[in-house]
Amino acid sequence: MGQLTASGRDTAYVWVGRDTGGQPDPAAELLRRAGGLLLDRPAAELLLTHDSAGRPVVRTARSERLPVSVSRTAGVVVIAARTAGAVGVDVERIRPLPALALARRWFPPAESAWLTDRPEAGRAVDFLRLWTAKEAVGKTLGRGLRGGGLLREMPPAGWPWRPVPGVEALWVGHPPLGGDVVLAVAVHATVQVEVEIEVVQWPGHDVAAERSASVERTSLPVVVRGSWSSRRSTRGRL
């Protein structure tokens with residue numbers, strides 16, 4: 001399985017790697033990979049800056065710009081990039097946590113009630129899916145969790161894309177990644193958007209899948225004669 005290639009379609013590209021906390025910074029390495037692929041420029045010509053909303057952007061000396069997003073959790077770093085517009089990404093390790101107590105403190109009542117009704121065995125994962133969705137959406141909007149971001153209601157977690165309630169043309173989903181992590185990706189879009197994922201170095205326990213690639217391609221739901229439809233195909237596996 002090879003590395004990601006630019007498709008020519010509106011695509012959110014996601015790279016997953018191991019965050020060792022050392023130098024060179026793994027996130028910077030992945031951002032250079034993204035800039036090289038999608039801007040077709042050498043690493044020496046790439047500069048990481050921010051747009052007017054505070055979102056990270058990879059730029060070149062020729063004023064080319066690539067919207068990107070970065071997330072880290074224990075031992076994992078993920079970046080997303082998209083040439084056609086804003087993208088947000090968030091990742092969390094699955095771990096035991098007081099899901100109901102946290103939801104009652106931070107989430108809207110409807111989401112807390114939904115979580116209460118979920119099976120106890122999977123409640124931590126359900127909580128993390130909501131949390132990562134809120135983070136990814138906030139990054140796409142350029143304001144993170146500021147201004148009540150945790151109170152912003154999310155659609156039911158899952159894949160393919162789900163529309164975010166109350167925000168036009170904003171979509172979020174949880175592409176299946178495997179392992180013990182939850183991944184959320186969000187985009188602002190009015191056209192079909194695919195997601196492609198490359199695992200550069202799998203950050204799991206006792207697993208190191210160097211340069212393996214898992215590609216999830218799913219389009220936004222599009223109206224076809226009054227009904228909703230979506231496309232999905234998968235290339236490779238973790």
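Trp161 is buried, at 3% relative accessibility. The model is predicted. Its chain holds 4 helices and 14 strands.

**Tryptophan pair**
- Trp161 pairs with Trp159: the ring centres are 5.1 Å apart and the planes meet at 55 degrees, so the pair is tilted.
- Trp159 is buried too, with a relative accessible area of 11%.
- The burial call for Trp161 follows from the cut-off: buried means under 20% relative accessible area, and Trp161 comes to 3%.
- In total, the structure has 5 aromatic pairs.

**Aromatic pair within helix H4**
- Phe127 and Trp131 make another aromatic pair, with 5.9 Å centre to centre and 35 degrees between the planes.
- This pair is classed as tilted.
- Both residues belong to helix H4. They are 4 residues apart, about one turn of the helix.
- Phe127 has 3% relative accessibility and counts as buried.
- Trp131 has 19% relative accessibility, so Trp131 also counts as buried, given a limit of under 20%.

**Ring cluster and charge**
- Phe107, Phe127 and Trp131 are linked into a cluster by ring pairs.
- Phe107 also has a charge over its ring: the charged end of Lys134 sits 4.7 Å from the ring centre.

**Open sheet**
- 4 strands make up an open sheet, in the order S6-S9-S8-S7. The pairing is antiparallel.
- Strand S6 (87-93) and strand S7 (162-163) are the edge strands. Each of them pairs on one side only.
- Strands of a sheet pair through backbone hydrogen bonds.
- S6 and strand S9 (residues 181-188) run antiparallel and are joined by 7 bridges.
- Val87 has Val187 in S9 as its bridge partner.

**Helix across the sheet**
- Helix H4 spans residues 123-141.
- H4 lies across S6, S9 and strand S8 (170-173).
- The helix runs at about 150 degrees to S6.

**Whole chain**
- The chain has 238 residues, and 50% of them count as buried.
- For contacts between residues at least 6 apart in sequence, 52% join residues at least 24 apart.
- The accessible surface of the chain is about 11,400 Å². Carbon and sulfur atoms account for 53% of that surface.

Note on methods. Residues are numbered from 1 along each chain as its sequence is written. This is a predicted model: local features need pLDDT of at least 70, side-chain atom pairs count only at pLDDT 80 or more; totals for chains, interfaces and linings use all residues. Side-chain values use heavy atoms; hydrogens and water are left out. Two strands pair if DSSP finds at least two bridges between them. Helices (H or I, at least four residues) and strands (E, at least two) are DSSP runs, numbered from the N terminus. Contact means heavy atoms within 4.5 Å. Axes are lines fitted to C-alpha atoms, for helices over the stretch in contact, and angles run from 0 to 180 degrees between N-to-C directions. Rings of Phe, Tyr and Trp (its six-membered ring) pair if their centres lie within 6.5 Å; planes under 30 degrees apart count as stacked, over 60 as edge-to-face and the rest as tilted. Buried means under 20% relative accessible area, exposed over 50%, partly exposed in between (1.4 Å probe, protein chains only). A charge sits over a ring if NZ of Lys or CZ of Arg is within 6 Å of the ring centre and within 35 degrees of the ring normal. Accessible areas come from the Shrake-Rupley method with a 1.4 Å probe; for residues, only the protein chains shown count as cover.
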